Amino acid sequence: MSERVIPLIDERQRKVDSFVPAIPEQLLPATGLLSDNRGRQLHDLRISVTDRCNFRCTYCMPKEVFDKDYPYLSHGDLLSFEEIVRIAKIYIGHGVEKIRLTGGEPLLRKHIEKLIAMLAPLKTLSGKPIDLTLTTNGSLLRKKAQSLKDAGLTRITVSLDSLNDETFRKMNDVDFPVADVLDGIAAAQEAGFTNIKVNMVVKKGTNDQEIIPMANYFKNSPIILRFIEFMDVGASNGWNMAEVLSSAEVIKKIHETYPLRNLNPNYSGEVVERWEYADGSGEVGVISSVTQAFCKDCTRARLSTEGKMYLCLFATKGYDLKELLRQGKSDLEISNVIAQIWGQRSDHYSELRGSPEMSDRLKVEMSYIGG
Ligand code: SAM
Ligand code: SF4
Ligand code: SF4
């Protein structure tokens with residue numbers, strides 16, 4: 001792959017396409033099986049509940065762009081909890097079994113526990129509880145872990161890029177201490193979360209020296225650590241292929257210190273490649289979004305903070321479902337809109353990354369669409 005640099009760009013001068021989809025003429029009930037035009041069945045929904053964050057991770061919301069004048073969405077532009085739940089139910093009708101709340105920082109959304117309490121009781125079409133989870137930077141977990149658990153959340157993912165305080169403060173760029181995130185993880189354990197994952201974005205030359213200390217810290221614990229390749233999401237993170245450390249290199253590095261064995265996927269199409277320590281001291285995973293595209297198994301739809309449907313993390317356009325809700329369209333009408341949009345989906349950006357047709361692509365920001 002050729003080396004490329006994505007420059008820092010002020011998003012306010014650019015506008016990602018979005019439009020209000022038309023209601024199909026023929027309205028059909030959902031079947032629970034919805035395939036896109038590459039045969040990928042809709043299965044997961046990621047919901048961004050806020051476009052705001054108290055961190056300024058350099059790879060996601062760099063300070064230079066997301067400054068005090070940045071035009072965040074106003075309260076009236078956000079989907080209400082009732083609207084989120086209504087859309088989630090329509091997606092479940094199409095076969096969605098897994099919902100992830102994200103952002104921005106989802107714990108900044110006021111009364112997020114209330115939304116969790118509304119989503120947690122939902123059942124999949126086969127009658128199982130919906131697999132509901134949330135990704136957080138962990139900064140508010142000490143305060144919120146118990147109420148999230150009480151509201152019905154069972155799984156949680158915490159992002160943590162370093163155990164070294166100086167490196168961590170530099171990466172979050174708001175001088176947030178790593179000890180507070182570690183304390184947040186401890187709070188989640190105390191609250192009774194047994195399914196906790198930790199995600200580390202690896203940036204070569206920035207935090208790759210932290211791979212072994214992180215592996216060492218989470219070995220012998222029930223927490224599964226996963227390494228994510230630094231991605232060219234959005235248009236403002238200054239992405240550079242030279243800063244990507246491949247998952248293969250991450251695994252090699254760990255294996256040299258702590259021998260690893262490959263594990264079978266939990267299910268076909270799982271995006272995480274699983275490994276276990278040969279001495280039985282736990283599991284780690286790698287997510288190779290850049291070096292080993294997994295588009296062929298990508299079954300995720302995304303719902304932005306203001307209710308637009310996106311078909312890919314690297315999408316250039318969104319479909320305004322909120323407008324349809326607020327125009328008073330029925331569930332059946334919206335369900336058919338979603339079916340039509342998903343049916344036409346052909347996105348596979350990661351397989352095309354670096355090709356001429358993808359250069360200068362105007363992508364939506366991850367903090368807005370939800371990671
Ligand atoms: N604020 C929450 C957090 O950080 O966990 C949730 C939203 S964040 C956008 C979701 C995930 O995306 C985090 O694990 C973050 O590390 C990851 N992420 C953000 N920018 C990324 C990038 N350029 N490459 C890879 N992962 C990225
Ligand atoms: Fe905020 Fe998460 Fe993005 Fe960091 S990765 S800036 S914590 S939304
Ligand atoms: Fe899915 Fe788009 Fe990522 Fe491919 S690039 S795995 S289609 S989100």
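How do the residues of the shell around ligand 3 divide into nonpolar, polar and charged? In this predicted model, the shell holds seven nonpolar residues, one polar and two charged. Its members are Phe294, Cys295, Cys298, Cys312, Leu313, Phe314, Arg345, Asp347, Tyr349 and Ser350.

Ligand 2 has a shell of its own. Around ligand 2 stand Cys53, Phe55, Cys57, Tyr59, Cys60, Met61, Gly104 and Asn137. This shell divides into six nonpolar residues, two polar and no charged.

Phe55 leads on to the aromatic rings. A search of the whole structure finds eight aromatic pairs. Take phenylalanine 55 and phenylalanine 176. Their ring centres are 5.1 Å apart and their planes stand at 50 degrees, so the pair is tilted. The pair links distant parts of the chain, 121 residues apart. Phenylalanine 55 lies in the loop between β2 (44-48) and α1 (81-93). Phenylalanine 176 lies in the loop between α4 (165-172) and α5 (178-190).

A second pair joins phenylalanine 314 and tyrosine 349. Here the centres are 4.3 Å apart and the planes are at 20 degrees, so the pair is stacked. The stacked label follows because planes under 30 degrees apart count as stacked. This pair also links distant parts of the chain, 35 residues apart. Phenylalanine 314 sits in the loop between β12 (308-310) and β13 (317-320), and tyrosine 349 is in helix α10 (residues 349-352). Phenylalanine 314 has 4% relative accessibility and counts as buried. Tyrosine 349 has 2% and also counts as buried, because buried means under 20% relative accessible area.

Phe55, Phe168 and Phe176 form one aromatic cluster.

Charges meet rings as well. The charged end of lysine 203 sits over the ring of phenylalanine 230, 4.9 Å from the ring centre. Lysine 219 lies over the face of tyrosine 258, and the distance to that ring centre is 4.3 Å.

Now turn to a helix. Which residues of helix α3 (residues 141-151) are buried? They are Leu141, Lys144, Ala145, Leu148 and Ala151. An α-helix has 3.6 residues a turn, so residues three or four places apart point the same way. On the other side of α3, Lys143 and Asp150 are exposed. The cover over the buried residues of α3 includes α2 (112-119), β4 (131-136), β5 (155-159) and α5. Just after α3 comes glycine 152, with a positive phi of about 115 degrees.

Aspartate 175 has a phi of about 65 degrees, and lies in the loop between α4 and α5. Asparagine 220 has a positive phi of about 60 degrees. Its place is in the loop between α6 and β7. With a relative accessible area of 65%, asparagine 220 is exposed.

Proline 222 is in that loop as well, between α6 (211-218) and β7 (224-229). Is proline 222 buried or exposed? At 58% relative accessibility, proline 222 counts as exposed. Leaving aside neighbours within four places in sequence, proline 222 is in contact with Gln189 and Ile196. Proline 222 and glycine 354 are 132 residues apart in sequence. In space, C-alpha to C-alpha, proline 222 and glycine 354 are 38 Å apart.

End with a buried residue. Serine 335 belongs to helix α9 (residues 331-343). Its relative accessible area is 7%, so serine 335 is buried. Which residues does serine 335 touch, not counting residues up to four places away in sequence? They are Ala30, Ile90 and His94.

Notes:
Residues numbered from 1 in each chain as written. Chains lettered and ligands numbered in written order. Predicted model: local features only at pLDDT ≥ 70, side-chain atom pairs only at ≥ 80, totals over all residues. Heavy atoms only, no water. Phe/Tyr/Trp six-rings, centres within 6.5 Å; stacked < 30°, edge-to-face > 60°. Helix = DSSP H or I, 4+ residues; strand = E, 2+ residues; numbered from the N terminus. Buried < 20%, exposed > 50% of the residue type's maximum accessible area, 1.4 Å probe, protein only. Lys NZ or Arg CZ within 6 Å of the ring centre and 35° of its normal. Contact = heavy atoms within 4.5 Å. Near = heavy atom within 4 Å. Nonpolar A, V, L, I, M, F, W, Y, C, P; charged D, E, K, R; others polar.
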